Amino acid sequence: MMKKTVLLLTLLGTVMTTEAQVAPAIPRDAKIEAQVEKTLSKMSLDEKVGQMCELDINSFGRRDAQGKFVIDEAKLDEIIRVYKVGSILNAPGTMAASLEEWQEIIGKIQKLSMKEIGIPCIYGVDQNHGVTYTLGGTLFPQNLSVAASFNKELPYEAAKITAYETKAGSCPWTYSPTLDLGRDPRWPRIWENYGEDCYMNAVMGSQAVRGFQGDDPNHVGKNSVAVSLKHFLGYGAPFTGKDRTPAYISTQDLREKQFAAYEAAIKAGALTVMVNSASVNGVPVHASKEWLTGWLKEGLNWDGMIVTDWADINNLYQREKVAKDKKDAIRIAINAGIDMSMDPYSTDFCTLLKELVQEGKVPMSRVDDAVRRVLRLKYRLNLFEKPTYKIKDYPLFGSKQHADVALHAAEESMVLLKNKNAILPLQKGKKILVAGPNANNMRCLNGGWSYTWQGHLADRFAGAYNTILEAMQNKFGKENVVYEPGVTYVPEGKYWEENKPEIEKVVEAAKGVDVVMVCIGENSYCETPGNLTDLTLSENQRNLVKALAKVGKPIVMILSEGRPRLIADIEPLAAAVVDIILPGNYGGDALANLLAGDVNFSGRLPFTYPREINSLNNYDYKVSEEVGTMEGAYDYDAKVSLQWPFGFGLSYTTFDYSNLRVDKQSFKAGDVLKVSVDVKNTGSVKGKDAVLLYSSDLMASIVPDNKRLRAFDKIELAPGESKTVSFNLKAEDLAFVGYDGRWRLEEGEFELKVGKLKQKVNCTETKVFK
Ligand code: BGC
């Protein structure tokens, strides 16, 4: 481990340790450090505050009637020459741009920055599931889908390609990956992260970091970009379920679960972090010195850069009411540890921060520390020597090679949830009705952050790709596939806007086919516009399924949705259910391949699919969230009622687990447990299986979690083939954060589980650490 620990005391079988010194999360490069110091020593205060300011490109340009992005040259000149602004973000016209357009815009900004400041600009863009904002590039499944693949290679591959295609436009920085734990399915940003589990987010997020940045964070190469982990900390569990509203999270959970993915991704080399817009336990995260400076910078000995989210310093006084005005808000945020303010429309930040320094309200040392972090990032990205790149050096941009990875990722991410009487794969030659509002558009396959923020124009930009309907026609023959949607969305409208249903038409069409495929779920949305008032799937869509069920033909229900919408009343009406989540531009083709049986299903749910609105448990709920009948008069009957559990997913084949074994029956801190299980493909087709290792702490000093995912691995097996899957589980990984905020591995029994197999192991000594 990176941390040196000092033994404090051994008392009654309890070993207590504390950290003495934390090794740097990213090893320092002496040459870069010297360059940073040299540049910093020559900078004026104006230049320093300018480097801490980030503006939206749309604050000094707009698209004209012909769609060309026109920069207001005088404004740009003022921003760079007068205010010395060091960073610009966002897509021109908040819409995907061509590589040529990106090159032209970033080229112009860099030329002026080098001439007027002598320091390159760092341009940042949300390339959230592939190149959101670059026309003709590759779009992958959204992160929630990537998580559903349980394949650790996919986030790495997707990020590597995304970095390459981003750099082809000369952009060196992306606001990705998103590591918020999606703990509340009502929240509109559930699909942006890797699901509800902290271990999953830590593993997939770290892989994405390596994919984006390459292996050496001090020297980010020509094909790589810097990441921004977002949104630190505790963003994904708002009490109201609405975006950017307060979360109330126990100190244990915050440290043990919410922090875990950030810690892992920072240790994987992440260069920047973006902050949660909202508050946790009453403290706006942008104002928290404890979390920003204490946990992230000092706690991890991390020398990276912290950027605010959109206008969030302003929000400290406008929304959160913890500051009296903008200047006060800047004082609080910068002193808490913010290094760069995404303002995004005004240079006031520069003027006010300068005043604060002159008045002694923000120490010069804090400004120097922030600017060092910004400069270090720019040197690590080699921007001083190479502020721009050339399109011709990126011949694989939007290539078939990249498309194949995206298609494969989509195939591995779709989750087969039900397959009564083996209705799937669909037999060739059968007549299929394709119905539902999600059947014939690209918008529903991609979700938000697709060509635009809300993803609402995807059908204008992604016409070259196949919708579900088109892919089904290609696969099963046009003559066999009938289309009648029954329910449609308002084109380019708000995500919840549906047209008047045409139920009779679709019922009529169903009478003439063998199978009804109903594609339902959600339209695209992002952030606050995706808030909802009812988690239940829309009434029109549920009525559509109910009407179709009356016809009596088997129903294959395809869900494409950014969060699990409640479907308890219609699920029993379907013979098969597939959740394709948000699979991206190749989602239609992937689904057709799977439904035809050309490829096998191997996805599993990375979230708990709830059945009832008052049972929104996560899979790692506290054991006492489920209380059965007590002796005597009381029937507490607190049941965890799920549609489908976390980790659930079927296949066209069956896998048998046997011989779960652990190399030690008892262990203590410092030990590594080798856990093995034999897996056999007992069906008749080839398949991939994600093998999941869970643990349960059977008794602890605070209420233990029901179970926790500790490791997973995906393997492929031919029919009849067996493999042994082994995991090395560190004893410390079984620890939890106790009532006092410290990590505890407690003596007593743990249960290790793979599938239905269980093994008990015994921890012989309690250790308290960190
Ligand atoms: C979002 C971030 C995003 C930023 C910049 C904000 O509204 O919360 O996820 O990175 O805008 O576009």
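Visitor: How many residues surround the ligand, and which are the closest?

Guide: Happy to show you around! Please keep in mind that this is a predicted model. The ligand has 13 residues around it, and the closest are Asp126, Arg189, His231, Arg244 and Asp309.

Let us take some of these one by one. Start with Asp126: an N or O atom in its side chain is 2.5 Å from an oxygen atom of the ligand. Then turn to Arg189, where a polar side-chain atom lies 2.8 Å from an oxygen atom of the ligand. How much of the ligand does the protein bury? Taken alone, the ligand exposes 310 Å², and the protein buries 95% of that. As for the kinds of residue in the shell around the ligand, 6 are nonpolar, 6 are charged and 1 is polar.

Now for the empty spaces. Rolling a probe the size of a water molecule over the atoms shows where empty space is left. In this structure there are 7 cavities of 30 Å³ or more. The largest cavity holds about 180 Å³ of space. Its lining is made of 20 residues, and the closest to the centre are Glu256, Pro704, Asp705, Arg708 and Phe736.

Next comes the second largest cavity, with a volume of about 120 Å³. Here 17 residues form the lining, and Asn128, Asn143, Ala158, Ala159 and Tyr194 are the closest to the centre of the cavity. The elements that give two or more residues to this lining are the helices α5 (143-148), α6 (153-167) and α7 (198-213). The largest share comes from α6, which gives 4 residues. What about charge? The lining of the second largest cavity has no charged residues; it divides into 10 nonpolar and 7 polar ones.

Key: Residues numbered from 1 in each chain as written. Predicted model: local features only at pLDDT ≥ 70, side-chain atom pairs only at ≥ 80, totals over all residues. Heavy atoms only, no water. Near = heavy atom within 4 Å. Polar contact = N/O pair within 3.5 Å; in protein donor to acceptor, adjacent residues only side chain to side chain. Areas by Shrake-Rupley, 256 points an atom, 1.4 Å probe, with all protein chains shown as cover. Nonpolar A, V, L, I, M, F, W, Y, C, P; charged D, E, K, R; others polar. 1 Å grid on protein atoms, 1.4 Å probe; cavity = no way out; pocket = protein on both sides within 12 Å on 5 of 7 lines; lining within 4 Å. Points joined across faces, edges and corners; volume = space filled by probe spheres on them.
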